[in-house]
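Biologist: Hi! Could you walk me through this one before I start working with it?

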Amino acid sequence: MLRSGPLGELSTRAARLVEQHAFDPLVSIRSLTVRFGLFSGTKLPGSWPRCIVLSMHVLEAVDLHKTYGDGAGGVQALAGVSLTLSAGELVAVVGPSGCGKSTLLHLCGAMDRPTSGRVHVGGVTLADLDDEALTQLRRERVGFVFQFFNLLPTLTLQENIELPLLLAGVEATESERRARASAERVGIEHRRDHHPGAVSGGELQRAAVARALVHEPALVIADEPTGNLDSENGRLVLTLLTELTRQTGVAMLLATHDQAIAAAADRVVRMRDGLEARDTDVTIFGAVAPSS
Ligand SMILES: Nc1ncnc2c1ncn2[C@@H]1O[C@H](COP(=O)(O)OP(=O)(O)O)[C@@H](O)[C@H]1O
Ligand SMILES: [Mg+2]
């Protein structure tokens with residue numbers, strides 16, 4: 001199954017890891033990422049066995065429907081959207097306000113449940129989990145970046161970044177160390193002791209990115225991450241997100257109406273009216289009420 005080549009030995013060792021963790025592709029991909037840095041480039045090595053790569057969907061969403069409310073006042077926010085996302089891949093969801101981007105991201109990030117359809121994160125079917133297990137999966141495997149940063153104003157940036165680790169029960173010295181490393185990675189080590197009110201928007205979003213990645217999630221959900229930044233800081237945060245996706249092998253699902261972001265993505269999902277739009281679709285924006 002494995003082809004020899006410059007990465008032949010590496011591939012064999014990597015394949016052994018995959019076999020060891022075959023029950024959980026997510027564990028495998030993270031082990032490979034951490035141990036070999038295989039996903040630091042945009043392309044996988046040619047000798048990488050495709051059958052393994054194809055089994056590595058971090059996120060799989062199938063035919064998602066979501067209706068808020070019921071009866072005549074119900075709003076159908078999603079009307080059948082499917083997507084997959086692999087490790088090390090940045091996918092942009094684009095479309096006008098109200099087309100269902102945030103709804104899709106909430107369902108994929110285990111923050112809400114679909115009316116129908118399925119979501120799998122790291123091979124785990126979210127519908128099989130009760131609310132407590134869903135919360136745990138979200139804490140351990142998902143990181144979030146929001147338009148308005150969502151940092152706690154009474155904590156320093158360092159403490160905000162540490163929070164996911166403390167919630168996961170990581171011991172204080174270790175969480176302090178990992179949060180510091182995460183802050184350095186996004187270039188805000190000199191602002192760690194500041195509170196959110198005392199730093200710039202760009203620095204706030206960098207801190208939010210550090211917080212989203214500090215617990216090494218498999219999936220990061222970023223909802224309009226540059227929507228509240230000026231164009232220069234927006235560009236810097238986008239570059240950071242793109243680089244971190246490559247370096248860490250995380251799967252990044254990002255909603256935006258910024259075409260520059262869409263252009264930097266590996267793949268773009270265009271939406272309209274709660275559906276994935278085809279190129280030939282006439283664009284009529286706005287969500288639709290269910291017919292029944
Ligand atoms: N909690 C909610 N209750 C009722 N309607 C909602 C709720 N959240 C979103 N919607 C509606 O669902 C549609 C899609 O919203 P959203 O997913 O936020 O779109 P986007 O992120 O693309 O702007 C909109 O019509 C919006 O008003
Ligand atoms: Mg939105």
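Modeller: Happy to. First, a word on names: helices are DSSP runs of H or I with at least four residues, strands are runs of E with at least two, and both are numbered from the N terminus. Also keep in mind that this is a predicted model.

Biologist: Got it. How many helices and strands does the protein have?

Modeller: There are ten helices and ten strands.

Biologist: And what share of the residues counts as buried?

Modeller: 42% of the 292 residues. As for contacts with a separation of 6 or more, 71% of them come from residues 24 or more positions apart.

Biologist: Okay, the six-stranded sheet. What's the strand order?

Modeller: It reads β6-β7-β8-β3-β9-β10, in an open sheet with mixed pairing. β6 (142-146) and β10 (275-276) each have a single partner strand, so each has one side without a neighbour in the sheet.

Biologist: What packs on that sheet, then?

Modeller: Helix α4 (residues 101-108) does, touching β3, β7 (219-223), β8 (251-256) and β9. The direction of α4 makes about 160° with that of β8. Helix α9 (residues 231-248) lies across β3, β7 and β8, and also runs at about 160° to β8.

Biologist: Do β3 and β9 run parallel or antiparallel?

Modeller: Parallel, with four bridges joining β3 (residues 90-94) to β9 (residues 267-272). One pair to look up is V94 in β3 with its bridge partner R270 in β9.

Biologist: Switching topic: which strands does β4 pair with?

Modeller: β4 (residues 116-121) pairs with β1 (residues 57-68) in the antiparallel sense, over five bridges. In that pairing, L59 has V121 as its bridge partner. β4 also pairs with β5 (residues 124-125), again antiparallel, over two bridges, and there H120 is partnered by T125.

Biologist: What's in the turn between β4 and β5?

Modeller: The two strands form a hairpin with two residues between them, and G122 in the turn has a positive phi of about 60°.

Biologist: Where else is there a glycine with positive phi?

Modeller: Just after α6, where G169 has a phi of about 85°.

Biologist: While we're there, which residues of α6 are buried?

Modeller: In α6 (residues 157-167) they are L157, Q158, N160, I161, E162, P164 and L165. On spacing, an α-helix has 3.6 residues a turn, so residues three or four places apart point the same way.

Biologist: And what do those buried residues pack against?

Modeller: Three helices: α5 (131-141), α7 (172-185) and α8 (201-213).

Terms used. Residues numbered from 1 in each chain as written. Chains lettered and ligands numbered in written order. Predicted model: local features only at pLDDT ≥ 70, side-chain atom pairs only at ≥ 80, totals over all residues. Pairing = 2+ DSSP bridges. Buried ≥ 20, exposed ≤ 12 C-beta atoms within 10 Å, placed from the backbone. Contact = placed C-beta atoms within 7 Å. Axes fitted to C-alpha atoms, helices over the stretch in contact; angles between N-to-C directions.
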